[in-house]
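Work through the exercises below with the coordinates open. Each task is followed by a solution in steps.

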Amino acid sequence: AQGDPNRPVFSITDLSAFKADPDSFFMYSYRPTLQAIVDKIIAHEAPLREDVLMQRVARAHGWLRTGGRFCGHIALRLRSLRRTQENGRGFFLVVG
């Protein structure tokens with residue numbers, strides 16, 4: 001059985017246009033790049049669980065794991081995003 005051709009197909013966000021730099025990740029000068037990465041992921045994949053967003057950003061920088069410092073730093077980029085809770089998990093939604 002074939003699916004509906006009008007139904008959108010999910011794909012992970014292509015972040016190849018960004019120069020993800022793990023060495024600059026925590027630097028002030030890297031904030032605009034990090035914000036742009038987060039914004040692109042949300043725009044392409046939302047609704048998106050918070051933990052999945054963290055994983056996407058980590059993988060873009062070549063990291064396999066996320067830690068408290070990493071998540072705290074990303075959380076600063078998420079303040080303006082629309083979010084909801086479902087079954088105890090946070091989800092980010094597209095604003096607009």
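**Exercise 1: Burial in the aromatic cluster**

F25 has a relative accessibility of 0% and therefore counts as buried. The model is a predicted one.

Task: Classify the ring pair of F25 and Y30 from its geometry, and state whether Y30 is buried or exposed.

Solution. 
- Step 1. The structure holds 5 aromatic pairs. In the pair of F25 and Y30, the ring centres lie 6.4 Å apart, and a pair requires centres within 6.5 Å.
- Step 2. Y30 has a relative accessible area of 6%, so Y30 is buried; the cut-off is under 20%.

**Exercise 2: A second ring pair**

Solution. 
- Step 3. Ring pairs link W63 and F70 with F25, F26 and Y30 into a cluster.

**Exercise 3: Neighbours of the cluster**

Task: Which residue lies over the face of F26, and what is H73 in contact with beyond its neighbours within four places in sequence?

Solution. 
- Step 1. R69 lies over the face of F26, at 3.8 Å from the ring centre.
- Step 2. H73 is located in helix α3, residues 68-75. Its relative accessibility is 9%, so H73 counts as buried.
- Step 3. With neighbours within four places in sequence set aside, H73 is in contact with F25, F26 and L34. F25 and F26 are also members of the ring cluster.

**Exercise 4: The hairpin and its confidence**

Task: Describe how strands β2 and β3 are joined, and where in the protein confidence is lowest.

Solution. 
- Step 1. Strand β2 (residues 82-86) runs antiparallel to β3, and 5 bridges join them. Q85 stands opposite G90 in β3.
- Step 2. The two strands form a hairpin with 2 residues between them. In the turn, N87 has a positive phi of about 55°.
- Step 3. Confidence is lowest in strand β3 (residues 89-93), at a mean pLDDT of 85, and highest in helix α2 (residues 50-60), at 94.
- Step 4. The protein averages a pLDDT of 88, and 95% of the residues score at least 70.

Technical notes:
Residues numbered from 1 in each chain as written. Predicted model: local features only at pLDDT ≥ 70, side-chain atom pairs only at ≥ 80, totals over all residues. Heavy atoms only, no water. pLDDT = per-residue confidence, 0-100. Helix = DSSP H or I, 4+ residues; strand = E, 2+ residues; numbered from the N terminus. Pairing = 2+ DSSP bridges. Buried < 20%, exposed > 50% of the residue type's maximum accessible area, 1.4 Å probe, protein only. Contact = heavy atoms within 4.5 Å. Phe/Tyr/Trp six-rings, centres within 6.5 Å; stacked < 30°, edge-to-face > 60°. Lys NZ or Arg CZ within 6 Å of the ring centre and 35° of its normal.
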